[in-house]
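Good morning, colleagues. Please bring up the sequence and the structure on your screens, and I shall take you through them in a few minutes.

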Amino acid sequence: MTTITFIHPDNRSEDVKAEEGASVMLAALTHGVDGIVAECGGNAVCATCHVYVDDAWVAKLDPMSDDEDALLDGTASERLPNSRLSCQIKVSAALDGLVVRVPERQS
């Protein structure tokens, strides 16, 4: 299992265990992480699973697709250089300890 830390807008942190091969979004939904809405169920069409990836982890992620890049332009919270859709981040052992921040708003 891989541990992912979600930092909420109030700076509260929440660690969850995720199955390898799942998405960060699915891990959040499975564990009831507040602020990850995921209206489209992980199909990369809504941007309601937007997160800010901790700078130390950005380079360790797979490259962003053109579709993800376009969707991030329509997020409810400000898009930042470390913005990603959590449905597009696949959990692996190399991401054990991943830290992501949940934005103020998703929709």
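Predicted model: local features only at pLDDT ≥ 70, side-chain atom pairs only at ≥ 80, totals over all residues.

Where is the place of Glu 14? Glu 14 is found in strand β2.

Setting aside residues up to four places away in sequence, Glu 14 touches Ile 4, Thr 5, Phe 6, His 8, His 31 and Val 33.

Five strands, in the order β2-β1-β5-β3-β4, make up an open sheet with mixed pairing. At its edges are β2, residues 13–18, and β4, residues 83–85, each of which pairs on one side only. From one strand to the next, the twist averages 40°.

Strand β3, residues 50–53, and strand β5, residues 98–101, run antiparallel to each other and are paired over 2 bridges. Tyr 52 has Arg 101 in β5 as its bridge partner.

Which residues touch the most other members of the largest nonpolar core? They are Ile 4, Phe 6, Ile 36, Val 53, Ile 89 and Leu 98, out of 28 residues in that core. Two or more residues are contributed by each of β1 (2–7), β2, α1 (24–30), β3, α3 (66–72) and β5. Helix α1 gives the most, namely 4 residues. In general terms, nonpolar side chains in soluble globular proteins tend to be buried together.

If we leave aside neighbours within four places in sequence, its contacts are Arg 12, Ser 13, Glu 14, Val 16, Val 24, Ala 28, Val 33, Val 100 and Val 102.

How many salt bridges does the count come to? The count is 5, and I shall describe some of them.

The side chains of Glu 68 and Arg 84 form one, with the closest N and O atoms 2.8 Å apart. Because Arg 84 lies in strand β4 and Glu 68 in helix α3, this pair ties together parts that are 16 residues apart in sequence. Arg 84 is buried, at 9% relative accessible area, and Glu 68 also counts as buried, at 2%.

A salt bridge also joins Asp 69 and Arg 79, with an N to O distance of 2.5 Å. Here Asp 69 belongs to helix α3 and Arg 79 to the loop between α3 and β4, so the pair links parts 10 residues apart in sequence. Asp 69 is partly exposed, at 33% relative accessibility, and Arg 79 is likewise partly exposed, at 29%.

Finally, we return to the starting residue. Within it, the side chains of Asp 10 and Arg 12 meet at 3.7 Å, N to O. Is Asp 10 buried or exposed? Asp 10 counts as exposed, because its relative accessibility is 55%, whereas Arg 12 counts as partly exposed, at 37%.

Definitions and conventions:
Residues numbered from 1 in each chain as written. Heavy atoms only, no water. Pairing = 2+ DSSP bridges. Axes fitted to C-alpha atoms, helices over the stretch in contact; angles between N-to-C directions. Core = buried A, V, L, I, M, F, W, Y, C linked by side-chain atoms within 4.5 Å. Buried < 20%, exposed > 50% of the residue type's maximum accessible area, 1.4 Å probe, protein only. Contact = heavy atoms within 4.5 Å. Salt bridge = Lys/Arg side-chain N within 4 Å of Asp/Glu carboxyl O.
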